[in-house]
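This briefing concerns the salt bridges of a protein chain. Please keep the sequence and the model at hand while reading.

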Amino acid sequence: MTESVSSSRPPAAVRRMLIPLALAQFICSFAGSNMNVMINDISTDLGTTVQGVQTAITLFLLVMAALMIPGGKLTDRWGRKRCFVLGLILYGAGALLSAVSPTLGVLILGNSILEGVGTALLIPPVYILTTMLFTDTVSRARAFGVITGMGGIGAAAGPLIGGLITTGIDWRAAFVFQALIVGVIIFLSRGIDDPVPADPARPFDIGGTVLSAAGLVCLVMGILQADNNARLAVILIALGVLLVLSFLLYVRARERAGKEPLLSLTLFRNRTSNLALVTQNVQWLLLMGTAFVVSAFLQVVRGYNAIQTGVIFTAATAGILGASLGAERLATKYSQRTLIMAGFVATLAGIVILLVLVRASSSAWAFAPGLLLIGVGLGTMLTPSVNVVQSAFPEDRQGEISGLSRCVSNLGSSLGTAVAGTVLVAGLTSPDRAYALAMVVLAVIGLVGLLVAVFLPGTGGHDRHARMSN
């Protein structure tokens, strides 16, 4: 079916569909990182703290992660384009509410909840439609290179663009900017055609949705409480583990009863996909963890304003952009495993440089070499990891695997902000030591990602992965 759909469309028409999809990934990733440079401004304006802003950022990423799998399933029931547009509308409404928020609670409602739910609805269709429209390894690598590259650029450029807007106008204008971009995407999405009709009769697992979402929320919120209330942190983490285990048992019982679960456990029988999902999680954890730690350190400790902090992050943006632009060429020369491993090595080298140079020099430019290497490393491996996961399953399972893939990536983002951010915030009384400890924690997690990547298959073609999944 995929081949017939793709071949019936002029290549130019397919390429045009890629524009709104890539822009959607850009703005969602931008939203996850642009608030990092507004920490001082938001804290002062809304009468909150660094931890309050950290909570808002983490909750946005967490809501995305918790609802990404249900969002992927709803694409089958409601249709991919309908979910895409509905998600954009919710996102735009959340951005506008955030722009006028008088308190942290309203900001969390607009940014963390409405934008988070909107993102969970609109992102799975981005990856499902891309997989359906681009069928061979090279063209799919090119398409995913554009999308994941725009995602990486959005996350890396968020501090710069957010800093420019915050310093030149106001932090609230950054949310108006998001709403404007969403309006452009909705206009461009008129040219998107859903390759497969919606199936309104497709069942939706409400019980599984509640258990999985509650479990993830408790786990991450428990980590956020680690520096405030150790007892509450332990309770939340334990409850989260219990809810996740209950979800797995619930899914198994539902499958045995012949009912369709929220997420089939058979997805985890594909070893290649499992390994690639772990690398995806670690990649986004490193990106968002580094972004929060460096941004908070620069503003709270070094006293930099939003635009100064954003300018420093241009190094990471340049690295991601350069590596993403070469995704197609790299995919034709090297295996997916080689690219992912090389990306982790470069990222780890960047973290080491951040540790060494920043401690040796008080100059802002001491951050540039490390951030550049981190950007190159992440830009090199973001596309291969996504391509491995999506290509590991046939078309009729794209809704499930896309939701799982985006859930894992966004869970990594929220964990990055929660784990590294908590280490940093807890030790701001000794800022240099807290910064070093947070970066060491990220480096250790990066080493785990590199070790997992070693076990990926040496070749990464679509055909092989498709055969492995069947």
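The points below cover the salt bridges, their places in the chain and the accessibility of the residues involved.

The model is predicted. It holds 6 salt bridges. Among the residues involved, K73, D76, R80, R202 and E260 are joined in a network of such contacts.

**The R172–D45 pair**
- R172 and D45 form a salt bridge through their side chains, with an N to O distance of 3.2 Å.
- D45 has a relative accessible area of 38% and is partly exposed.

**E260 and K73**
- A salt bridge connects E260 with K73, and their closest N and O atoms are 2.7 Å apart.
- K73 is buried, at a relative accessible area of 6%.
- E260 is partly exposed, at 22% relative accessibility; the cut-off for buried is under 20%.

**E260 and R202**
- E260 also meets R202 in a salt bridge between side chains, at 3.0 Å from N to O.
- The two residues are 58 residues apart and link distant parts of the chain, with R202 in the loop between α8 and α9 (206–224) and E260 in the loop between α10 and α11.
- R202 is partly exposed, with 23% relative accessibility.

Key:
Residues are numbered from 1 along each chain as its sequence is written. This is a predicted model: local features need pLDDT of at least 70, side-chain atom pairs count only at pLDDT 80 or more; totals for chains, interfaces and linings use all residues. Side-chain values use heavy atoms; hydrogens and water are left out. A salt bridge is a side-chain nitrogen of Lys or Arg within 4 Å of a carboxyl oxygen of Asp or Glu. Buried means under 20% relative accessible area, exposed over 50%, partly exposed in between (1.4 Å probe, protein chains only). Helices (H or I, at least four residues) and strands (E, at least two) are DSSP runs, numbered from the N terminus.
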